[in-house]
Structure formats: structure tokens, C-alpha cells
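Colleague: I'm new to reading protein models, and I'd like to go through one with you. Could you take me from feature to feature?

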Amino acid sequence: MVKVKRINHVSIAVPQLQAGKTALSILGLATTPDETVADQKTDTCFLQTIAGETEIELIAPAGNESLQRFLDRRGSALHHISLEVEDLAAALAELKAAGVSLIDEAPRMGANGHLVAFIHPRATGGILFELCQCA
């Protein structure tokens, strides 16, 4: 059984980071500097809570066609929930052995220097989950 340490972040897809930051400025959350995740062709930033336990990630397409299609269909919306695990490679191997449909069968580099991998939404009732291992 995969052992989830905590919810690392909740990700909201937005057409542009600045538009997302402006819309959520009413929450008064500190914002991290913008980051481009070249491998995923996305721009991202995080809104941080005072306790710093769970963040809100804003992601915008920077050439990512899948994310652009998501926005075209749904507009700005919840994109995924990121669950932190201790050993991402082991978690993926366990899920794969159990027949769980994965988008990523191996960890890849994500925002904040974290390793990430996605579970296919068909395996989780239509919700996109990311597993992450913090650096």
C-alpha cells in the first residue's frame, strides 16, 4: 500500500500566472517566484499558507498542449491534487504491479525540484493525482 505523507499542494490551471495571482490576491497568500518547468512546458508559482504545510499551485501552459486543451474545455479550474510520498519510484512500482493505470511509470522533474509522477484519472474516479517526492 502506498504511504501518503501529506497533501503537498492543490493545483489550479490558469491561462496566465499573473491573471491567477490577481484573482486569488484576495486570499492574501505569499507567492513564490514564477518558475518555468521546461520538461512539462508549464509556468508555475505557489501560494503559501502561513503554516506552510500545503500550498496552492498555479499552473499555466507554456507550450503544454494538454494543459491548454484542459483550459479550453473547463477554463480556470482545479487541475490536480499532489500527494507527497517518501519513495516515489517504489510507490510507482507498487501501483504498476497492482495494475493501476499510470501516466508516468517513472519519476520526472517537477516544480520546486521535486520528483513527480501522475496517476491516470481513470484509476481514481476521474480525479488527477500527482505523487511527489520532495528534494
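Predicted model: local features only at pLDDT ≥ 70, side-chain atom pairs only at ≥ 80, totals over all residues.

Colleague: Let's take the helix, then. Which residues of α2 are buried?

Modeller: Two ideas to begin with. Helices (H or I, at least four residues) and strands (E, at least two) are DSSP runs, numbered from the N terminus. Buried means under 20% relative accessible area, exposed over 50%, and partly exposed in between (1.4 Å probe, protein chains only). In α2, residues 65-74, the buried ones include Leu67, Phe70 and Leu71. They sit on the same side of α2, because they cover an arc of only 95° around the axis (the arc is that of the directions from the helix axis to the C-beta atoms). Glu65, Asp72 and Arg73, on the other side of α2, are exposed.

Colleague: What do the buried residues of α2 pack against?

Modeller: They pack against β1 (4-13), β4, β5 and β6 (77-85). Look at the ends of the helix too. At the start of α2, a side-chain oxygen of asparagine 64 comes to within 3.1 Å of the backbone nitrogen of serine 66. After α2 comes glycine 75, with a positive phi, near 70°.

Colleague: Now the cysteines. How many disulfides are there?

Modeller: A disulfide is a pair of cysteine sulfur atoms within 2.5 Å. Searching the whole structure turns up zero. For cysteine 132, the closest cysteine sulfur is in cysteine 134, and at 4.6 Å it is too far for a bond. Cysteine 132 counts as buried because its relative accessibility is 0%, whereas cysteine 134, at 28%, counts as partly exposed.

Colleague: And loops? Where is histidine 114, and is it buried or exposed?

Modeller: Histidine 114 lies in the loop between β7 (108-109) and β8 (115-119). It has 12% relative accessibility, so it counts as buried. Contact means heavy atoms within 4.5 Å. Neighbours within four places in sequence aside, histidine 114 is in contact with Asn8, Arg108, Met109, Gln133, Cys134 and Ala135.

Colleague: Which residues is glutamate 53 in contact with, leaving aside its neighbours within four places in sequence?

Modeller: Those are Arg6, Ile7 and Asn8. Glutamate 53 is in the loop between β4 (42-48) and β5 (55-61). Its C-alpha atom is separated by 8.6 Å from that of histidine 9, 44 residues apart along the chain.

How values were computed: Residues numbered from 1 in each chain as written. Heavy atoms only, no water. Polar contact = N/O pair within 3.5 Å; in protein donor to acceptor, adjacent residues only side chain to side chain.
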